Amino acid sequence: MITITFIDHQQQATTVQAAPGSSLMQAAVDNHITGIVGECGGFCSCATCVCQVEAAWVGRLPPPEAMESAMLESAAADHPASRLCCQIALNADLDGLTVHLPESQF
Ligand code: FES
């Protein structure tokens with residue numbers, strides 16, 4: 001299992017376990033993380049799964065593809081560490097990943 005920590009806008013941290021192969025969005029939804037909606041089910045078309053990746057982890061993730069970048073732009077998620085949780089596939093290299101959640105989604 002992979003350990004993930006979500007930190008909400010009030011700096012409350014919640015640590016969960018997730019299976020490799022699932023997405024960060026699915027891990028959040030499965031664990032009832034407030035702040036991640038995942039309305040489109042992970043099809044990169046709703047931008048209700050925006051997070052900001054902790055600085056130490058930004059360079060350890062593959063960069064966003066064009067569709068993800070476009071969705072982030074449309075959601076005005078202009079923080080350089082902003083990502084769509086549904087586009088982050090969990091694997092063993094991401095054990096310990098920490099992300100921050102916005103106060104609300106787009
Ligand atoms: S769940 Fe819809 S864009 Fe991520």
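This is a predicted model: local features need pLDDT of at least 70, side-chain atom pairs count only at pLDDT 80 or more; totals for chains, interfaces and linings use all residues.
## Basis of the model

Local features are given where pLDDT is at least 70, side-chain atom pairs count only at pLDDT 80 or more, and totals for chains, interfaces and linings use all residues. Residues are numbered from 1 along each chain as its sequence is written, and side-chain values use heavy atoms, with hydrogens and water left out.

## Strands and their pairing

Helices (H or I, at least four residues) and strands (E, at least two) are DSSP runs, numbered from the N terminus. Two strands pair if DSSP finds at least two bridges between them. Strand E1 (residues 2-7) is joined to strand E2 (residues 13-18) by 6 bridges, and the two run antiparallel. Ile2 stands opposite Ala18 in E2. E1 and E2 form a hairpin with 5 residues between them. Gln11, in the turn, has a positive phi of about 65°.

E1 also pairs with strand E5 (residues 97-100), here in the parallel sense and over 4 bridges. Ile4 stands opposite Leu97 in E5. Strand E3 (residues 50-53) runs antiparallel to E5, with 2 bridges between them. Val53 has Val99 in E5 as its bridge partner. In a regular strand the side chains alternate between the two faces of the sheet.

## The salt bridge

How many salt bridges does a search of the whole structure find? The search finds 1 salt bridge, a term that stands for a side-chain nitrogen of Lys or Arg within 4 Å of a carboxyl oxygen of Asp or Glu. The side chains of Arg83 and Glu68 meet in a salt bridge at 2.8 Å, N to O. The pair links distant parts of the chain, with Arg83 in strand E4 and Glu68 in helix H3, 15 residues apart. Side chains of opposite charge can pair when their charged atoms come close.

Strand E4 covers residues 82-84, and helix H3 covers residues 66-74. Arg83 counts as buried because its relative accessibility is 8%. Glu68 has a relative accessibility of 3%, so Glu68 is buried too.

## Surroundings of the pair

Contact means heavy atoms within 4.5 Å. Leaving aside neighbours within four places in sequence, Arg83 is in contact with several residues, among them Cys49, Val50, Cys51, Leu61, Leu72 and Ile88.

A polar atom of the Arg83 side chain lies 2.8 Å from the backbone oxygen of Pro62.

## Aromatic residues

Arg60 lies over the face of Trp57, at 4.0 Å from the ring centre. A charge sits over a ring if NZ of Lys or CZ of Arg is within 6 Å of the ring centre and within 35 degrees of the ring normal.

Phe43 is placed in the loop between helix H1 (24-30) and E3. Phe43 counts as exposed because its relative accessibility is 65%. The C-alpha atoms of Phe43 and Gln26 are separated by 12 Å, and the two residues are 17 residues apart along the chain.

Definitions and conventions:
Buried means under 20% relative accessible area, exposed over 50%, partly exposed in between (1.4 Å probe, protein chains only). A polar contact is a pair of N or O atoms within 3.5 Å; within protein, one must be able to donate a hydrogen and the other to accept it, and residues adjacent in sequence count only if both atoms are side-chain atoms.
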